Amino acid sequence: MDLAELTIGDVWLVVLGVALLAFGLMVAICGVGGFNDILSLFRTLREDDDETASEQ
Amino acid sequence: MDSPVFLTNFSTLDWIIVIVYLVGTVIKGVWVNRYVGDLSDFIIAGRGLRIYLAIATMTGTEIGLVTIMYNAQEGFTRGLSAYVIGLCWLVGMLLIGLTGFIVYPLRKFEIMTIPEYYELRYGIRTRVVGGVILALAGILNMGLFLQAGARFMTGMLGIGTGFGLKVLMTGMLFMVLLYTTFGGMVSVVITDYVQFVVLGVAMVIATVWAVGHVGWDNIVDTAVAQHGPSGMNPVATDGYGWWYVVWMVYLAVAGGALWATATTRALAARSPKTAQRLYGWTSITFFARVVIPVTWGAAALAFITATPELAAAFLGDGPDRLNSQYAMPVFFARLLPSGFLGILAAGMMAGFMSTHDSYLLCWASVITQDVIAPLYRVGPRGRRIAGAVSATLGGAAVAGIAYGVLNLFATPTVPGVVLGFLAGVPCAAWLLRRVPQVLEAPDLSERGRFIITRTVIVLIGVFLLVWGLWYEAPMTLWTYMAVTGTIYLAGAMACIGFGLYWRRANETGALIALVAGLIAVLGILPWETWGIEWITSTKTSVAAIIAAAVGLVAGSLLFKSRTAAKASDHEEES
C-alpha cells in the first residue's frame, strides 16, 4: 500500500489497533504478575503486624 | 420503561452477575480491613506495592466508569479526532516514564501526599494553602462522577431519566462510602486489581464487537457527516484547535506526575525506580483509556444516526434533547447480548467504585494530613481555625443532606437548606467537643486522623450527591474534568516543578503560583449562556498555567526567601 494514499481514517484505525493490542497484552501480563504481588503484599502486612505484636 | 429510547438487553442473568460481583467486592473490602494496621497502611498500603500490582491498581483507578463516560462523550460529540487526547497522554506519560521527571525525585522524599512536599520545600503555610486548593480542585473534579455513573447505569438498565436516576445515585453513593470508610488503601488496591482484569478484558471484547457490528467505514463516514472535517482532524476549523492540544499535552505531563490519585500510587511504590517504571507502563493505559471509549462514542453516533427514534432523541434541536452522555450506554444496551452486558456493567460498576474510593480516600487524607493536622501544630489559634472550618463543613454537609432529600421528592429546597446549615454548624461543633483527643491534643493523634479522614469521606459523599443533582456542566464532561484539574495542576506544577529543579524558588513565589492557578475556575462558568463567548475554558486554563509559572518565578526573584531549605538538604543527602 502506498503511504501517500493513507487517509486520516486509516491512521486512526492503526492507532485503535495499537491501543487494543498494547492494552490487551498489558492486562494479560499484569493480571498474572499482579496476583503474585497481592499475595506478597498480604504477607508483608501480616509480618509487620506480627512484628508490632511481638515488640509490644 | 417510559421511552422507546431506553430499550435494553439487560436481563435477570445480568442482574445476578452485577449483584454477585458487587456484594463480593464489598465483603472483600471489609474483610481486607484486618490488614490495615496504621495510617500508612490506610493511605498508601504500607508503601508495599510491587510493579505489576502498582500498574494494575493505577490502571484500575484511572480507568473507571467516569473515564469511559467522558471519553465516549468526546467520541460522540467530536468524532474520532478525540483520539488526539489519547496521543497527548501517551506522549506525556512516556516522557515521565523515560526521564523520571518530577516522580523520581518526589518519591525519594518518602512523603504520603503532595502538600507534604510543599512544607518541606516552602513551609507550613504553602502546605495548608496548597492542601486547600488541591482538595477544592479534586472534590470539584469528582463532582460529576456520581451523575455520570448513574447516567450510565440508567442507560444500560433501560430505566430512563428522572426519579430512577436519583435513587440510583443515592444507592451507588451509599455503597461506595461503606466500602471506602472501612477498607482504606489496602482494599482499594485489591478492588482496583479485580476491576483492572475484568474491565480490561471486557473493554477489548466490547470494542471489537462494536466496530465489527457498526463497521469502521460507517464510523468514519458518520463522524465526517455529523461534524465535518473536524470529526477526523483535531486541528481543522471548528475542531479542538492547537491551543487545546497544547493544553492537553501540558495536562498529560502535569496530571500524570502530580494528579494526586495517580501520584499516590507512585508514592506507594516500593522504590523511586519502581515509581518511574510505573509511568512508562501506564502510558499504555492512559492512551487506551481515551482511544477505546472514544471509539465506542463514535460507534454509538453511527448507530444512533441510523436508528430514527434514537436520532430524534439525541440529535434533534428541541429542549428535550437527551444528554450526549447517554449515547454510549444506550448503544451498548441494544447491541450487546445478555450475559456479556452483565459482565461489562459489573466491571463498570467496579470501576466506578474503585475510582470513587481512590478519590475519596485521596482528598480526605489531603484535608486531614495537609490542612487540619498542620493547623493543629500551629497552636491554639490554628486549632480554632480548624474547629471553625470543621463546624462550617458540618453545617454544609447537613444542608447538603437536606437539599438531597428535598430534591428527591421535588419539594421547595431553599428554606430546608438554610435550616439544615443553621442546625448543622452547632451539631458539628458539639460533636467535635465530644472527641477530646481530637480537639485537645497538641498534635492530632493517629486515632483523631482516622476519625477525621472517615468523616471527611462521608462529607465529600454528601457534596457529590448535591452537586450531581444540581449542577449541569455547560461543556463536555471531559472539558469540565480538565478545567477543574487545571485549578490545582497549574499551581502545583509550578511549585513542584520549579521547587525540585530550581533552587531559588521560594515561599512567596509558591503562594502566588497556587493562587494564580485558581484563575482556571472561571472556565466552568456558563459564559456562553451569558453572551460572553470569547471567554472559553481553553483560554482560562492556559492563562492560569502561564500566570502560575510567571507568578512563581517573579515572586521568587522579587521577594526574599523566608523558608528553611529542608527539601534542598534532603536532596543533597540523597
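Student: Which helices of chain B each supply at least two residues of the lining of the largest cavity?

Tutor: Keep in mind that we're looking at a predicted model. The general idea goes like this: roll a probe the size of a water molecule over the atoms, and you see where empty space is left. Here, helix 3 (51–62), helix 4 (65–78), helix 12 (242–258), helix 14 (272–305), helix 17 (340–378) and helix 22 (477–501) of chain B each give two or more residues to that lining. Helix 22 of chain B has the largest share, with 5 residues.

Student: How much space lies in the largest cavity, and which residues lie nearest its centre?

Tutor: It holds about 240 Å³. The lining counts 22 residues, and Trp89(B), Trp259(B), Arg289(B), Tyr359(B) and Trp478(B) are the ones nearest the centre. Sorted by class, the lining has 13 nonpolar, 7 polar and 2 charged residues. In total, the structure has 3 cavities of 30 Å³ or more.

Student: Where should I look to find the second largest pocket, and which residues lie nearest its centre?

Tutor: Centre your view on Leu136(B), Ile139(B), Leu393(B), Ala396(B) and Phe463(B), the nearest to the centre among 26 lining residues. Helix 8, helix 17, helix 18 (380–408) and helix 21 (446–470) of chain B each contribute at least two lining residues. By domain, at least three residues come from each of domain 1 (12–36 + 49–371) and domain 2 (378–470) of chain B.

Student: Which residues touch the most other members in the largest nonpolar core?

Tutor: Leu258(B), Phe314(B), Phe332(B) and Trp363(B) do, in a core of 201 residues. Helix 17 of chain B gives the largest share of this core, 22 residues. Because domain 1 (12–36 + 49–371) and domain 2 (378–470) of chain B both give residues to the core, it lies between them.

Student: On to charges. How many salt bridges are there over all chains?

Tutor: The count is 4. To read one, look for a side-chain nitrogen of Lys or Arg within 4 Å of a carboxyl oxygen of Asp or Glu. Taken together, Glu119(B), Arg127(B) and Asp370(B) are linked in a network of salt bridges.

Student: Why does Arg127(B) count as buried?

Tutor: Buried means under 20% relative accessible area. Arg127(B) has 8% relative accessibility, so it counts as buried. Glu119(B), at 16%, counts as buried too.

Student: What about Glu507(B) and Arg125(B)?

Tutor: Their side chains meet in a salt bridge of 3.4 Å, N to O. Glu507(B) belongs to helix 23 (residues 507–516) and Arg125(B) to helix 8 (residues 124–141) of chain B, 382 residues apart. Glu507(B) is buried at 6% relative accessible area, whereas Arg125(B) is partly exposed at 43%.

Student: Last one: is Ile102(B), with its positive phi, buried or exposed?

Tutor: Ile102(B) is buried, at 0% relative accessibility. Its phi is about 65 degrees, although it is not a glycine, and it is found in the loop between helix 5 (83–99) and helix 6 (103–108) of chain B. Asp238(B) has a positive phi as well, near 70 degrees, but Asp238(B) is exposed, with a relative accessible area of 68%. You'll find Asp238(B) in the loop between helix 11 and helix 12 of chain B.

Technical notes
Residues are numbered from 1 along each chain as its sequence is written. Chains are lettered from A and ligands numbered from 1 in the order in which they are written. This is a predicted model: local features need pLDDT of at least 70, side-chain atom pairs count only at pLDDT 80 or more; totals for chains, interfaces and linings use all residues. Side-chain values use heavy atoms; hydrogens and water are left out. On a 1 Å grid over the protein atoms alone, a cavity is a set of points where a 1.4 Å probe fits but cannot get out, and a pocket is an open set with protein on both sides within 12 Å along at least five of seven lines; lining residues have an atom within 4 Å of a point. Grid points are joined across faces, edges and corners, and a volume is the space filled by probe spheres set on the points. Helices (H or I, at least four residues) and strands (E, at least two) are DSSP runs, numbered from the N terminus. Ala, Val, Leu, Ile, Met, Phe, Trp, Tyr, Cys and Pro count as nonpolar, Asp, Glu, Lys and Arg as charged, and the others, Gly among them, as polar. Buried means under 20% relative accessible area, exposed over 50%, partly exposed in between (1.4 Å probe, protein chains only). A nonpolar core is a set of buried Ala, Val, Leu, Ile, Met, Phe, Trp, Tyr and Cys residues joined through side-chain atoms within 4.5 Å. Domain bounds come from an automatic or database domain assignment.
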